[in-house]
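The structure comes first, and my entries follow.

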Amino acid sequence: MMNSDALSCKDCTSWQGLLLTVSILTCWLLPTTAQITIESVPPIAVEGDNVLLFVQNLPENVQTLSWYRGGKLLKMFEIARHVIATNSSVMGPAHSGRETVLNNGSLMIKNVTRKVSGYYTLQILDTTSRREITRAEFFVQSPILGFRKRPTSSQLKIEFVPSRIEENDDILMLVYNLPENLQGFVWHKGVLPVDHFKIASHSFLTNSTMMGHTYLDRLTVCSDGSLVLSKVSQEDTGLYSLRTIPVGLISESAIVYLKVNKHGRQASGNQQPPHQQRMSKKQIQKLDMCFSSVSVTIYYN
């Protein structure tokens, strides 16, 4: 009796070669650049949250980008138009005062309500006048049973001291309203909670902190979640996120955008220069508590 496996292999030799050819051709036809994607952080928000429409794989040759409310590219729905080279934005008719366009293309929406749920459209224009359109969607819901949100006044938040930051400054990322009864908390550069972007993590169980080599000599972690970052540079500009590690199931997070200005560049508007800024009494008290509670530090290998 003839072996069925041998028959199968013998008869398939010709079409296996054909499949290999098709596979190679398919690889050649795949796009060489990564496609732009937008991730909503969080995807389902509660009223009062801050929502980040996080843009990934933004091309390097982008000249301008525009955000629109809804799915149509109409002027009346334009939130803002942003110029990458100057990191400046022009607000559109649909701007509510709560939206901020970041230089990486992402859109931050503060203190969201149910009315802002739905589609958002990003249009980019590169240096060759080529246009690309990407859409995102997120939902906002009222607090419901099983997901009780703390009042806005006690919401986890982060504040920069000083508020305007220049190169070589020592800055404090001051955390307010860190929840009680936590296992710990984690800081990341960016919004993706992956080890590659981890800055530091703190465990209340062992009263210890682990930090990455990138910030080895410049970072102090406080037990209230705050960070002291020394001698910042423009490379430190970007998004930073703090995520709590709860004893239960509900984790909280806060996201901020750090802008490091070139030394000596005049502040815009009525903002005071860094040397004229004064810390409030509450900020001074928080800073004193931070340094009085600095924990044991363990570095990554």
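**Rings, a charge and a loop**

I looked up Tyr-120 and Phe-138 and found both buried (under 20% relative accessible area, with exposed over 50% and partly exposed in between, for a 1.4 Å probe and protein chains only). I noted that this is a predicted model, where local features need pLDDT of at least 70, side-chain atom pairs count only at pLDDT 80 or more, and totals for chains, interfaces and linings use all residues. Residues are numbered from 1 along each chain as its sequence is written, and side-chain values use heavy atoms, with hydrogens and water left out.

I then looked up the aromatic pairs and found two (rings of Phe, Tyr and Trp, the last by its six-membered ring, with centres within 6.5 Å; planes under 30 degrees apart are stacked, over 60 edge-to-face, and the rest tilted). Tyr-120 and Phe-138 are stacked, at 5.4 Å centre to centre and 15° between the planes. Tyr-120 lies in strand S9 and Phe-138 in strand S10, 18 residues apart (strands are DSSP runs of E, at least two residues, numbered from the N terminus).

The rings of Phe-185 and Phe-204 have centres 5.9 Å apart and planes at 65°, so I wrote this pair down as edge-to-face. Phe-185 is in strand S14, whereas Phe-204 is in the loop between strand S15 and strand S16. I found Phe-185 buried at 1% relative accessible area, and Phe-204 partly exposed at 32%.

I also noted that the charged end of Lys-157 sits over the ring of Tyr-176, 5.5 Å from its centre (NZ of Lys or CZ of Arg within 6 Å of the ring centre and within 35 degrees of the ring normal).

Note on methods:
Helix = DSSP H or I, 4+ residues; strand = E, 2+ residues; numbered from the N terminus.
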